[in-house]
Amino acid sequence: MSRDGHFLALAGGVGGAKLANGLTQVLAADALTIVVNTGDDFEHLGLHVSPDIDSVTYALAGLNDPVRGWGLAGESWNAMRAVARLGGPDWFALGDHDLATHLLRSQRLRAGETLSQVTAAFARRLGIGHRIVPMSDDPVRSVVDTDEGPLPFQDYFVRRRCEPAFRGIGFDGIADARPAVGFLDALADPQLRAIVLCPSNPLLSLRPILSLPGVDERLRARRVPVVAVSPFVGGDAVKGPAAKILRELGVPVTPEGLLSFYDGLVDALVVDACDADWASCSRLSALATDTLMRDPGDQARLAREVLAFIDDLPGRSAGA
Ligand code: FO1
């Protein structure tokens, strides 16, 4: 916990939440800011749902369902059954306890609080000391371009189970969206030590964050190491549709394929031991290790390894 400097982690849902949780186990609360994708947010049953924020919050509070990957452990589904009985939409399942999050978040947003304020308030109530910051307090909505035409993110991801072929992704509202104040503060922090791209989907989860006006420029201008943790293991994704999407785009499901989405932003890469061959012939600094995070012990172990790897990286001097 005595490491110098401030770390900024960029995260999406499940994989991002796992590494973020590991980082909270090895970094003090004031040494880490976790910025979370909100491109997956949408209005459902009149409620504001922020799936990635909730995945990170529930993981840090130890309340997440580790098997399903989203929502709360020990959840019940009576409200959804009642919705279905009345002919309402039940394709997106809001658990009975999870509903409280969406009800209260929606109420507080309607009353004028920002998503950052509501997220921080819920984190405090759940005993989380580390900062969880939505990428923006302005609405950004991911829209997936498919072989069947454009689909709102959750229609593509949940309703259609990612079956339509992926052609690209856009972010409604992004041109007018400002990075959240907590995100800008972390980017401007003189103590900023490194930026960690968590093992989240590079297109669905991290691209929205990196596409916010000014973010890419600010990240590059900081001249601190940007370290990506690969979500791929031996040619497949640990979870979710990332591998299917890359194949549909003709991009190899390898660390090299991952880097193709970051346009030179990444300085160093953490890959799974299965991909160690790639690491040894890469021109980037690379660490090959066990990247599977089966439980909080694995999450802390990988976080510790990522931070030690950052400590050993050659320094980036201004103008280098
Ligand atoms: N994912 C599903 O596959 N099916 C669901 O019914 C579903 C409901 C849901 C409710 C709340 C929440 O916070 C997340 C939920 N997710 C569900 C996960 C979510 O749609 C995706 O995992 C993320 O958007 C991708 O990171």
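**Entry 1: the model.** I noted at the start that this is a predicted model. I then looked up the secondary structure of the protein chain. I found 13 helices and 14 strands.

**Entry 2: overall form.** I checked the C-alpha atoms along the principal axes. They fill a box of roughly 60 × 40 × 40 Å. Next came the radius of gyration, which is 19 Å for the protein chain. A compact globule of 320 residues would have a value near 20 Å, so the chain agrees with that.

**Entry 3: surface and charge.** The accessible surface of the protein chain comes to about 13800 Å². Carbon and sulfur atoms hold 52% of that surface. I then turned to charged side chains and found 31 positive and 40 negative. The centres of the two sets lie 2 Å apart.

**Entry 4: D65.** Where does D65 lie? I found D65 in the loop between α2 (51–60) and α3 (78–85). Is D65 buried or exposed? D65 has a relative accessible area of 14%. Buried means under 20%, so D65 is buried.

**Entry 5: around D65.** I looked for what D65 touches. Leaving out residues up to four places away in sequence, I listed W70, G71, L72 and A73. I also checked V67. Its backbone nitrogen lies 2.9 Å from a polar atom of the D65 side chain.

Terms used: Residues numbered from 1 in each chain as written. Predicted model: local features only at pLDDT ≥ 70, side-chain atom pairs only at ≥ 80, totals over all residues. Heavy atoms only, no water. Helix = DSSP H or I, 4+ residues; strand = E, 2+ residues; numbered from the N terminus. Rg over C-alpha atoms; globule rule 2.2 N^0.38 Å. Areas by Shrake-Rupley, 256 points an atom, 1.4 Å probe, with all protein chains shown as cover. Lys, Arg positive; Asp, Glu negative; His and termini not counted. Charge placed at Lys NZ, Arg CZ, Asp CG, Glu CD. Buried < 20%, exposed > 50% of the residue type's maximum accessible area, 1.4 Å probe, protein only. Polar contact = N/O pair within 3.5 Å; in protein donor to acceptor, adjacent residues only side chain to side chain. Contact = heavy atoms within 4.5 Å.
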